[in-house]
Amino acid sequence: MEQMSNSSSITQFLLLPFTDTRELQLLHFWLFLGIYLAALLGNGLIITAIAWDHHLHTPMYFFLLNLSVLDLGSISTTLPKAMANSLWNTRAISYSGCAAQVFFVFFLIGAEFSFLTIMAYDRYVAICKPLHYGTLLGSRACVHMAAAAWGGGFLHALLHTASTFSLPLCQGNAVDQFFCEVPQILKLSCSHSYLREAGLLVVSACLASGCFVFIMLSYVQIFRAALRIPSEQGRHKAFSTCLPHLAVVSLFISTGMFAYLKPHSTSSPVLDPVVAVLYSVAPPAVNPLIYSLRNQELKEALKKQIPWVPLQQR
Ligand SMILES: *[C@@H]1O[C@H](CO)[C@@H](O)[C@H](O)[C@H]1NC(C)=O
């Protein structure tokens, strides 16, 4: 199976087997299931709270809503298949399933990063240019930005998927990752044919770095504004809200860059999956905690709608 000569004869790919031990496979299944359920619950609560509470129909919460929808989508692209394979002790994923994973990972994670950028801009304007908030983030501007994030993510994903899956593959069909990831598929390509897609990845990395610099600059301005807050408590609140955002964004981009830009020769079957978890699984699971559930207004809204949710008051 692994020694097929060209891509036209590949009907399926083989994903990374985490382990051959049945107990460890099941442990791995339960671990992923726990993370998956936590992500479903956290993002589900946020979507419910924002959709149903009219007080929360402002740009900031609409962006959080978009982020939660993207989180649900991106974690559902990778985890369920890995869980099913562990549970049933298989490695196979169909050719079209693999292409779909590549497409949705690029689409949803790309759009997610765009929304993190938009949200940093939103907070920057709200805190540093409050008088211009109405004109800079009116409802039309917000819809345009959201549409650009979704549409841009879609086209970007289409480009990478088409470029990756048109490559001739000569090195078998074993993907060293728990989902179909572009760098792992490039390793299967014949000689130097992967260079075009590698070039596209560098372009994407430059775009992502541009967004990252923009996010950092926005938060630097926010921190400078926060330092001018007279009350100790207010300063503390501003920092304790913004530092976790920066931590998530930095982890997201550094692990993503590492996964997609490192040379083939340095890939390792132990490190690669850990890095993939950090950029594809961790953000959707922790975003609800970092971006939303520390927010008092959102907690109040949740309390009103779902009184049994035990959210502690601060
Ligand atoms: C995304 O954000 C835009 C702009 O605020 C909003 O109009 C739209 O309803 C949101 N969509 C989703 C699915 O959250």
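A disulfide here is a pair of cysteine sulfur atoms within 2.5 Å. C242 is likewise in no disulfide. C128 is partly exposed, at 25% relative accessibility. C242 is buried, at 8%. Buried means under 20% relative accessible area, exposed means over 50%, and partly exposed lies in between (1.4 Å probe, protein chains only).

This is a predicted model: local features need pLDDT of at least 70, side-chain atom pairs count only at pLDDT 80 or more, and totals for chains, interfaces and linings use all residues. Residues are numbered from 1 along each chain as its sequence is written, and side-chain values use heavy atoms, with hydrogens and water left out.

## The disulfides

By the sulfur cut-off, the model has 2 disulfides. One joins C98 and C180, with sulfur atoms 2.0 Å apart. The angle about this S-S bond is -115 degrees, a left-handed link. The bond ties distant parts of the chain, 82 residues apart. C98 sits in helix 3 (residues 95-128). C180 sits in the loop between helix 5 (139-165) and helix 6 (182-186). Helices (H or I, at least four residues) and strands (E, at least two) are DSSP runs, numbered from the N terminus. C98 is buried, with a relative accessible area of 0%. C180 is buried too, at 1%.

The other disulfide joins C170 and C190, with sulfur atoms 1.6 Å apart. This link is right-handed, with 105 degrees about the S-S bond. The pair is 20 residues apart and again links distant parts of the chain. C170 lies in the loop between helix 5 and helix 6, while C190 lies in the loop between helix 6 and helix 7 (195-227). C170 is partly exposed at 35%, whereas C190 is buried at 15%. With the bonded cysteines numbered in sequence order, the pairing is 1-3, 2-4.

## Annotated spans

An unreviewed UniProt entry places the feature "transmembrane region" at several spans, including 27-52 and 141-159. Such annotations may be inferred rather than shown by experiment; positions follow the numbering used here, and feature names are shortened. Residues 27-52 are 100% helix and 0% strand, with end C-alpha atoms 37 Å apart. Residues 141-159 are also 100% helix and 0% strand. Their end C-alpha atoms lie 26 Å apart.

## A positive phi

Most residues other than glycine have a negative phi. N89 is not a glycine, yet its phi is positive, about 55 degrees. N89 lies in the loop between helix 2 (59-87) and strand 2 (92-94). With a relative accessible area of 48%, N89 is partly exposed.

## Around the ligand

Which residues are around the ligand? They are F62, F63, L65, N66, C142, V143 and A146. A residue counts if one of its heavy atoms lies within 4 Å. Helix 2 gives the largest share of this shell, 4 residues. The shell divides into 6 nonpolar residues, 1 polar and no charged. Ala, Val, Leu, Ile, Met, Phe, Trp, Tyr, Cys and Pro count as nonpolar, Asp, Glu, Lys and Arg as charged, and the others, Gly among them, as polar.

An N or O atom in the side chain of N66 is 2.2 Å from an oxygen atom of the ligand. Taken alone, the ligand exposes 360 Å², and the protein buries 68% of that. These areas come from the Shrake-Rupley method with a 1.4 Å probe.

Methods: A polar contact is a pair of N or O atoms within 3.5 Å; within protein, one must be able to donate a hydrogen and the other to accept it, and residues adjacent in sequence count only if both atoms are side-chain atoms.
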